[in-house]
Amino acid sequence: MAERDGKQKIKWTTTIIISSSLKSYEVAAALENQSHKVRYSDSVENGSIIFSLSGVAFLLMDARECFMSAEETFLVKIEKFINIHQNSFLVLSAALHGPEEWNLMFRIQQRFLGSNLRILPVHNTVNAINLMCTIAKITSKSYIDSICYRMITTKAYIIERSPVWKTLQKTKLNSDTFNPN
């Protein structure tokens with residue numbers, strides 16, 4: 001375990017439900033290698049990865065496959081996915097995000113404007129896993145509680161050390177000494 005600022009870094013692990021269609025893919029093996037509890041399911045949408053404790057779901061799609069299939073086919077798949085999952089992300093993979101890929105993302109965004117879908121363009125498996133795990137980690141209950149505590153502590157520290165706050169306190173003290181009451 002790595003140490004930073006005298007604190008021990010705790011390895012984050014969670015339960016992940018992965019579509020059985022991804023069982024032989026590099027992304028599934030990489031998530032298993034990170035010591036996550038991986039479960040495979042035939043009942044989830046093909047290509048989906050669900051971090052159940054964080055409440056986030058990711059639909060993996062390759063840009064080349066989108067270009068080769070009819071547009072309505074993958075749009076129906078995306079629509080079904082976002083209707084099931086409240087906090088959904090489309091992970092669109094391409095080695096290079098050129099004009100065609102950006103145009104594809106634009107068409108998807110236009111189609112699902114106002115929905116709960118967010119698009120994450122990625123270049124490779126490592127990039128995809130890092131993004132998915134980061135999003136799942138920061139949306140998990142334990143990390144949200146920890147972040148809220150740290151924000152409250154930081155806010156109190158800033159206020160306590162603020163020169164503006166000290167000036168206001170001195171002004172209040174000075175006005176209290178001239179107060180005839």
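Modeller: Let us begin with Glu45, which is buried because its relative accessible area is 16%, and buried means under 20%. The model in which we find this residue is a predicted one. Glu45 forms a salt bridge with Lys80, and the closest N and O atoms of the pair are 3.4 Å apart. Glu45 belongs to the loop between strand E4 (37-41) and strand E5 (48-51), whereas Lys80 belongs to helix H3 (residues 71-84), so the pair ties together parts that are 35 residues apart in sequence.

A second salt bridge joins Arg64 and Asp62, with 3.4 Å between the closest N and O atoms. Arg64, by contrast, is exposed, since its relative accessible area is 58% and the exposed class begins over 50%.

The next pair is Arg111 and Glu72, a salt bridge whose closest N and O atoms are 3.5 Å apart. Arg111 lies in helix H4 (residues 99-111) and Glu72 in helix H3, so this pair ties together parts that are 39 residues apart in sequence. Both residues are partly exposed: the relative accessible area is 35% for Arg111 and 45% for Glu72. Salt bridges with shared partners also bring in Glu79, so that Glu72, Glu79 and Arg111 form one network. In total, the structure has five salt bridges.

These pairs may now be set within the whole chain. The chain has seven helices and eight strands, and 33% of its 181 residues are buried. Among contacts between residues at least 6 apart in sequence, 64% join residues at least 24 apart. The chain exposes about 12100 Å², and carbon and sulfur atoms supply 57% of that area.

Helix H7 (residues 163-177) contributes the largest share, three residues. Leu168 lies in helix H7 and counts as exposed, because its relative accessibility is 51%.

Technical notes. Residues are numbered from 1 along each chain as its sequence is written. This is a predicted model: local features need pLDDT of at least 70, side-chain atom pairs count only at pLDDT 80 or more; totals for chains, interfaces and linings use all residues. Side-chain values use heavy atoms; hydrogens and water are left out. Helices (H or I, at least four residues) and strands (E, at least two) are DSSP runs, numbered from the N terminus. Buried means under 20% relative accessible area, exposed over 50%, partly exposed in between (1.4 Å probe, protein chains only). Contact means heavy atoms within 4.5 Å. Accessible areas come from the Shrake-Rupley method with a 1.4 Å probe; for residues, only the protein chains shown count as cover. A salt bridge is a side-chain nitrogen of Lys or Arg within 4 Å of a carboxyl oxygen of Asp or Glu.
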